[in-house]
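The sequence and the structure come first.

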Amino acid sequence: MSDFNDQVIADFNRNGGKPGGHFEGAPVLLLHAIGAKSGAERTQPLMFLPQDDDTWYVFASYGGGPKDPAWFHNVVAHPELDISVGDGTTIKRVPVRARVLEGTERDAIYAKQAGLFPQFANYAETTTRDIIPVIELKQR
């Protein structure tokens, strides 16, 4: 997975924040989280759902896997972090604060993402977790 992510990150940077390949046409950002145990910055490419100019939603889907991804634990431990977003020409690094959504707010955002990208509906159906966490990233 690390090699795959490294390739996506390189493609993201090469193409102004618009990677091709597996993520062509999908909104992708780079999450720059601080490791919960290591304290080191970890960069993760993630699909996102934009809300407006200062709010983005990401999904701890882990491909429908049985546990939350490591980056989710990092975000919970250190909710002030940065993301990188691009418009195909320019990439900007944005300081954000993460908030895990709950209840109907979480359900509405997840349903919207699943409607746009059906693989997210599949992830929710195949995981053994109760829910897939949804995280709001709000510019600070």
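## Helix α1: span

How many residues has α1, and what distance does α1 reach from its first C-alpha to its last? In this predicted model, α1 has 13 residues and spans 18 Å between those two atoms, close to the 18 Å expected at 1.5 Å a residue. The helix covers residues 2–14. Just after α1, G16 has a positive phi of about 60 degrees.

## Helix α1: buried and exposed sides

N5, V8, I9, D11 and F12 are the buried residues of α1. Viewed down the axis of α1, these buried residues fall within an arc of 165 degrees, so they line one face of the helix. D3, Q7 and R14 are exposed on the other side of α1. The cover over the buried residues of α1 includes β1 (28–34), β2, β4 (80–86) and β5 (91–100).

N5 lies in α1. Its relative accessibility is 11%, and since buried means under 20%, N5 counts as buried. Leaving aside residues up to four places away in sequence, N5 touches Q44 and P45.

## Helix α3: span and sides

α3 (residues 103–116) has 14 residues and reaches 20 Å from its first C-alpha to its last, close to the 20 Å expected at 1.5 Å a residue. Which residues of α3 are buried? They are R106, I109, Y110, Q113 and A114. These residues cover an arc of only 135 degrees around the axis, which puts them on the same side of α3.

The face turned away from the buried side of α3 carries T104 and G115, both exposed. The buried residues of α3 pack against β2 (41–52), β3 (55–59), α4 and β6 (134–139).

## Contact of α3 with α4

Two packed helices are described by the angle between their axes and the distance between the axes. For α3 and α4 (residues 119–126), the axes come within 6 Å and cross at roughly 120 degrees. The two helices are therefore oblique to each other, as 65 to 115 degrees would count as roughly perpendicular and over 145 as roughly antiparallel.

On the α3 side, the contact is made by Y110, Q113 and A114, and on the α4 side by F120, A121, Y123 and A124. The residues of this contact divide into six nonpolar, one polar and no charged. Y110, Q113 and A114 are also among the buried residues of α3.

Key. Residues are numbered from 1 along each chain as its sequence is written. This is a predicted model: local features need pLDDT of at least 70, side-chain atom pairs count only at pLDDT 80 or more; totals for chains, interfaces and linings use all residues. Side-chain values use heavy atoms; hydrogens and water are left out. Axes are lines fitted to C-alpha atoms, for helices over the stretch in contact, and angles run from 0 to 180 degrees between N-to-C directions. Helices (H or I, at least four residues) and strands (E, at least two) are DSSP runs, numbered from the N terminus. Angles under 35 degrees count as roughly parallel, over 145 as roughly antiparallel, 65 to 115 as roughly perpendicular and the rest as oblique. Contact means heavy atoms within 4.5 Å. Ala, Val, Leu, Ile, Met, Phe, Trp, Tyr, Cys and Pro count as nonpolar, Asp, Glu, Lys and Arg as charged, and the others, Gly among them, as polar. The expected span of a helix is 1.5 Å times one less than its number of residues. Buried means under 20% relative accessible area, exposed over 50%, partly exposed in between (1.4 Å probe, protein chains only). The arc is that of the directions from the helix axis to the C-beta atoms.
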